[in-house]
Amino acid sequence: MEYNTKILFPNEEGIRAAAELLKKGEVAAIPTETVYGLAANALDREAVKKIFEAKGRPGDNPLIVHISGKPDIYKYAREVPRAAQILAEAFWPGPVTMVMKKADIIPLETSGGLDTVGIRLPAHRAARAIIEACSFPLAAPSANLSGSPSPTKLSHVMTDMNGRIPAAVDGGDCAVGVESTVVCFEGDNDVRILRPGFISKEDIEAVQGIGDVICDRGVTERINEGEQVMSPGMKYRHYSPKAAVTLVEGEAKELAELLDSEDTSVCAMIFDGDEGVFRGKNYITYGYTPEEQARQLFDCLRRMDEEGYEKVYVRAPKRDGVGLAVYNRLLRAAGFEVIRL
Ligand code: TXA
Ligand code: MG
């Protein structure tokens with residue numbers, strides 16, 4: 001299907017227009033606080049199929065169901081562990097997705113064939129306003145072509161989706177920049193992090209009443225073909241620009257020397273403050289604090305393609321707090337190609 005993709009604004013009229021499309025079983029790109037999402041009625045299997053089609057996404061990768069009020073978890077999850085209630089109180093609305101046993105009303109197309117569903121209450125006002133106007137929950141993966149860096153600006157959405165979807169709502173640049181933290185539960189109290197995000201392991205551990213918080217192996221390790229994984233998204237190469245990405249652990253000076261030994265069109269992605277040792281070389285900075293790096297990461301990866309580099313060396317971020325989310329995305333962008341200097 002070929003569309004003339006319309007840009008809507010998050011005012012009353014734009015929100016109504018987006019909701020009208022979604023009610024007709026169409027898809028629309030919407031802003032959230034993390035990344036832009038490609039939304040459709042989560043309860044309508046035909047609508048959900050259009051998401052997979054527009055993104056070129058494998059059908060076994062489940063979609064997150066976005067709700068506009070906390071009590072809705074009881075409609076779409078069959079069992080809500082105590083820890084889920086506590087996390088909803090602590091972090092919702094916000095960038096945490098909770099995987100629970102799904103209610104029958106969630107079609108298998110939405111859950112990627114699993115008997116669980118990931119549910120999230122976004123903090124973004126326009127996202128919530130659109131869900132409310134629809135009166136059904138919205139399935140929404142990131143609004144990029146499957147495999148490419150997630151979209152944190154409307155221009156990213158248009159690069160990937162122009163002509164493939166009927167409309168995109170312009171919410172400006174996303175405040176967080178990396179996708180939500182995805183968790184599941186073990187027993188009533190323990191939490192397993194399947195995908196790190198803006199809400200960090202440390203943030204979750206600090207919440208009263210939560211038991212153990214475990215980071216799934218798939219967060220930092222490669223999943224081999226045919227291996228069972230708890231979060232199917234972990235299997236796929238992800239977030240990759242066309243340029244070959246390599247993650248480099250080491251000091252800025254060592255990375256600058258590595259660049260000298262290269263003759264292809266190569267660029268370094270470094271921290272703010274590293275510029276001194278990169279004078280005369282190709283580089284861009286992606287921030288200094290983990291929060292800045294999260295916000296700028298995907299835009300920087302996309303810029304590598306816009307500027308036509310064949311190869312990118314990225315200085316590996318610190319791994320604590322939000323840094324773990326940045327590191328996790330970069331590992332996948334690099335297809336687990338890591339150099340230790
Ligand atoms: O911040 C976000 O989460 C964004 C915005 C749009 O809300 N959405 C997003 O969706 O990142 P997506 O589809 O790009 O990533 C969802 C991740 C995938 O890795 C998927 O495998 C995992 O969450 N996931 C979803 N439902 C799951 C389930 N039932 N069990 C295990 N993992 C699940
Ligand atoms: Mg995605």
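Helices here are DSSP runs of H or I with at least four residues, strands are runs of E with at least two, and both are numbered from the N terminus.

I noted the basis next. This is a predicted model, in which local features need pLDDT of at least 70 and side-chain atom pairs count only at pLDDT 80 or more, while totals for chains, interfaces and linings use all residues. Residues are numbered from 1 along each chain as its sequence is written, chains are lettered from A and ligands numbered from 1 in the order in which they are written, and side-chain values use heavy atoms, with hydrogens and water left out.

**Helix pairs**

I looked up the axes of α1 (residues 12–23) and α5 (residues 125–134): they come within 9 Å and cross at roughly 50°. The axes are lines fitted to C-alpha atoms over the stretch in contact, with angles from 0 to 180 degrees between N-to-C directions. α1 and α5 are therefore oblique to each other (under 35 degrees is roughly parallel, over 145 roughly antiparallel, 65 to 115 roughly perpendicular, the rest oblique).

I then took α9 (residues 290–306) and α10 (residues 323–333), whose axes cross at roughly 20° and come within 8 Å. That makes α9 roughly parallel to α10. The crossing of these two is left-handed.

**Ligand 1**

I found 26 residues around ligand 1, with Thr 34, Asn 61, His 66, Ser 180 and Gly 233 coming nearest (a heavy atom within 4 Å). The shell divides into eleven nonpolar, eleven polar and four charged residues. Ala, Val, Leu, Ile, Met, Phe, Trp, Tyr, Cys and Pro count as nonpolar, Asp, Glu, Lys and Arg as charged, and the others, Gly among them, as polar.

I checked polar contacts, pairs of N or O atoms within 3.5 Å. A polar side-chain atom of His 66 is 2.6 Å from a ligand 1 oxygen. For Ser 142 the distance to an oxygen atom of ligand 1 is 3.0 Å. The protein covers 97% of the 680 Å² of accessible area that ligand 1 has on its own (Shrake-Rupley method, 1.4 Å probe). β4 (64–66) and β6 (116–120) are the elements that give two or more residues to the shell.

**Backbone**

I recorded a cis peptide bond from Trp 92 to Pro 93, omega near -5°. Pro 93 sits in the loop between α4 (82–91) and β5 (96–101).

Key. Polar contact = N/O pair within 3.5 Å; in protein donor to acceptor, adjacent residues only side chain to side chain. Left-handed = near helix turned anticlockwise from the far one by under 90°.
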